[in-house]
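Hi there,

I am passing a structure on to you, as promised. Please open it alongside this message and have a look when you get a moment.

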Amino acid sequence: MSDLVPLIGEPLALDLVNTRSAAGDLLAGPADLLAWWEREADRLPEAAPAQAGADDLAAVRAVREPLARALDHLLRGERPPSADLDALNRAQRAAPAIDEAVWDGEAVTLVRRREGSPGLRLAACLAEDAARLLADPASARIRTCEAEDCVMLFLPTHPRRRWCSPTRCGNRVRVARHYQRHKAQ
């Protein structure tokens with residue numbers, strides 16, 4: 001992964017879109033995908049596999065790109081392109097989830113399982129989260145970071161939030177303003 005650590009902690013679908021940073025693609029190769037997958041492990045149904053391949057990366061990017069375009073349209077108050085919504089639906093269908101009835105030794109429980117390669121299963125999970133985000137009325141509150149050189153998206157928990165991260169962009173903006181004020185003196 002590049003020197004820039006991806007922004008995480010937003011809704012999972014936004015974290016995926018935020019791997020497209022101003023510094024470049026944070027999912028440039030299979031190793032980058034694994035590193036991101038491990039960072040998001042506590043929010044994903046499956047642990048990252050020992051290795052990922054180009055097909056796994058392509059499956060995840062096939063969710064990220066149409067999601068980014070759909071969000072861009074929604075942020076402008078426009079209808080998302082049908083092709084992008086169709087791409088998210090295809091990703092979900094590529095590794096459908098079923099609730100399997102299993103005996104756990106004391107009772108019958110349900111375990112959610114998917115078929116397919118690890119990358120297809122991850123892409124389907126991400127596409128499901130993307131669909132939920134796009135359908136959620138809260139998506140109207142998604143913002144782009146106000147830092148001049150940042151393209152990250154976030155869902156503000158506070159109405160006055162302006163930056164993707166107070167320690168990343170917020171600090172940089174405040175330091176730059178301080179510098180400008182004192183440079184003039």
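This is a predicted model: local features need pLDDT of at least 70, side-chain atom pairs count only at pLDDT 80 or more; totals for chains, interfaces and linings use all residues.

Residues are numbered from 1 along each chain as its sequence is written, and side-chain values use heavy atoms, with hydrogens and water left out.

**The helix pair.** Helices here are DSSP runs (H or I, at least four residues), as are strands (E, at least two), numbered from the N terminus. Helix α3 (residues 54–75) and α5 have axes that come within 7 Å and cross at roughly 10°. The axes are lines fitted to C-alpha atoms over the stretch in contact, with angles running from 0 to 180 degrees between N-to-C directions. That makes α3 roughly parallel to α5 (angles under 35 degrees). Contact means heavy atoms within 4.5 Å; on the α3 side it includes Val-60, Val-63 and Leu-67, and on the α5 side Leu-122, Leu-126 and Ala-130 are among the partners. By class, the contact has 16 nonpolar residues, one polar and one charged. Nonpolar covers Ala, Val, Leu, Ile, Met, Phe, Trp, Tyr, Cys and Pro; charged covers Asp, Glu, Lys and Arg; the others, Gly among them, are polar.

**The cavity.** On a 1 Å grid over the protein atoms alone, a cavity is a set of points where a 1.4 Å probe fits but cannot get out, and lining residues have an atom within 4 Å of a point. One cavity of 30 Å³ or more is present, and the largest cavity holds about 50 Å³ of space (the space filled by probe spheres set on grid points joined across faces, edges and corners). Helix α5 (residues 118–135) gives the largest share of its lining, four residues. Trp-37 and Cys-125 are among the lining residues.

**The pocket.** A pocket is an open set with protein on both sides within 12 Å along at least five of seven lines. The largest pocket has about 180 Å³ of space, and α3 supplies the largest share of its lining, four residues.

**A buried threonine.** Thr-19 sits in the loop between α1 (12–17) and β1 (20–21). Its relative accessible area is 0%, so Thr-19 is buried (under 20%, 1.4 Å probe, protein chains only). Beyond its neighbours within four places in sequence, Thr-19 has contacts that include Trp-36 and Arg-64.

Best wishes

Methods. Angles under 35 degrees count as roughly parallel, over 145 as roughly antiparallel, 65 to 115 as roughly perpendicular and the rest as oblique. Buried means under 20% relative accessible area, exposed over 50%, partly exposed in between (1.4 Å probe, protein chains only).
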